[in-house]
Amino acid sequence: MKEQSSIPTTKVARAGQFVKAGIKVGGNYLKHYSKKLVNPDLTKDELHQDNAADIYGALSELKGSALKMAQMLSMDRGLLPTAYTDKFAMSQYSAPPLSGPLVVKTFRTYFGKSPSELYDKFEIKSVNAASIGQVHQAWKDGKRLAVKIQYPGVADSVSSDLKIAKPLAVRLLNLDERQIDRYMDEVETKLLEETDYELELKRSIEISEACAHIDGLVFPKYYPALSSKRILTMDWLEGLHLKEFLATNPSQEVRNRIGQLLWDFYDHQIHALRQVHADPHPGNFLMRPDGTMGVIDFGCVKVIPDYYYDNYFRLINPDTLEDKVLTQQIFENLEFLHPVDSAKDRAFFSDLFVQMIHMLGEPFAVETFDFGNDEYFNKVYAFADELTRLEELRTSKVVRGSKDGLYINRTYYGLYAMLNELKAVVVTRKPDWLRSKKALAV
């Protein structure tokens, strides 16, 4: 893969990349409709492939929040055609890397020294490159290390990138601009946190130590003396990303063990720590043949407010949905329902959200759940597709759902998607207060 010797850092230069991508997309549409005049049965497959390649090409040169958006979209199977999700998935660990001189310049900026002065050995060629930074191998005192280096200008361009990217997202995804605006502050805050490696270092140490009791999870040791606001040094962990791991044809027993580790890891964070590794894409997990798993990258952590935790998870208990008055109150607390709603609106949206909770809560309603059940996931994706066509949602006067739900929902979506790819059968452990009293009485 070709290296980048520079990254556009000014607002004008970065805006130019978005404009260039928009022009290419427009050209692809003209080409598609010209061909369709000759062949009316022509599908949009080639159009999607061309658009995905051009948009990813522009975003991968920009790095940062622009590429992070592609990474987030690649996790959502129901939102984009396959050509986009497949291409954007490259942003998880296979973006174009920075050149050697730019890497050395970054070290001199933050340490006043070159990598060779800090480590016994440093590989100038990166082993993988993602949206916010890239990873290099290094050795010191006999230890093999992973050194994550943030791309220049990423932290300073988050806010302006999001403003520039919004029109492209609205056009490409046919999204409601009000919905984007509502969550923009939450996304911007999280992206800014991800560029702060000092904060990531602190959270990495805290959460790793808090989850160290989960047998089979492996966390790297972090090195504050070799880390800074834009550089992070940790132990090197062995393992394979999900698709590579599945290509080794692991046994069902191993799939189940890794799936259980994923479930237990998130269960403990959410219910015990009230903060969660909210970036559950395959690039952050290193899976091993013996059923153990390494966990990396605590840049995106969602701290769960008490009010949101108490209301959101209460809906998982089947007893709650049987109490219609309580359910309505929780829907109001979570901003699913609003004071301006008519009686008809309240009835429609209440029924819709109850359906959604029943469906997405199915794994919690049983002691063991088979995430390899494609029938369940096809049902979920079909429901999500139906939601996009509902006139009541498109014409609603208000945007529904608390902004605190954005990263919690994203976390569960990513977790479910990985468990589905693993075809794992998992014991869905949960606190007793989330269980029906009827179930506990049995």
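This briefing walks through salt bridges, a helix pair, a strand neighbourhood and one leucine in the structure above. Please keep in mind that the model is predicted. The count of salt bridges comes to 21, and a few of them are picked out below.

**Salt bridges**

- Lys302 and Asp404 form a salt bridge through their side chains, with 2.7 Å from N to O. This pair ties together distant parts of the chain, 102 residues apart: Lys302 belongs to strand S10 (residues 301-303), while Asp404 sits in the loop between helix H17 (391-394) and helix H18 (405-422).
- Both partners lie under the 20% cut-off for burial. Lys302 is buried at a relative accessible area of 4%, and Asp404 is buried at 10%.
- Arg108 and Glu117 also meet in a salt bridge, here at 3.8 Å from N to O. Arg108 is partly exposed, with 45% relative accessibility, and Glu117 is likewise partly exposed, with 48%.
- A further salt bridge joins the side chains of Asp432 and Arg435 at 3.2 Å, N to O. Arg435 is buried, and its relative accessible area is 18%.
- Lys148, Glu200 and Asp297 belong to one network, joined by salt bridges that share partners.

**Helices H14 and H15**

- On the H14 side, the contact is made by Gln328, Phe331 and Glu332. On the H15 side, these meet Arg346, Ser350, Phe353, Val354 and Ile357.
- Sorted by class, the H14 contact with H15 has four nonpolar residues, two polar and two charged.

**Strand S4 and its partners**

- Strand S3 (residues 133-140) pairs with S4 in the antiparallel sense, over eight bridges. To find this pairing in the viewer, look for Ala138, which stands opposite Leu145 in S4.
- S3 and S4 make a hairpin, with two residues between the strands. In the turn, Asp141 has a positive phi of about 55°.
- S4 is also joined to strand S6 (residues 231-235), through five bridges, and these two strands run antiparallel.

- Leu387 is found in helix H16, which runs over residues 374-389. Leu387 is buried, with 18% relative accessible area.
- Leu387 and Leu352 are 35 residues apart in sequence, and their C-alpha atoms are 9.2 Å apart in space.

Terms used: Residues numbered from 1 in each chain as written. Predicted model: local features only at pLDDT ≥ 70, side-chain atom pairs only at ≥ 80, totals over all residues. Heavy atoms only, no water. Salt bridge = Lys/Arg side-chain N within 4 Å of Asp/Glu carboxyl O. Buried < 20%, exposed > 50% of the residue type's maximum accessible area, 1.4 Å probe, protein only. Helix = DSSP H or I, 4+ residues; strand = E, 2+ residues; numbered from the N terminus. Contact = heavy atoms within 4.5 Å. Nonpolar A, V, L, I, M, F, W, Y, C, P; charged D, E, K, R; others polar. Pairing = 2+ DSSP bridges.
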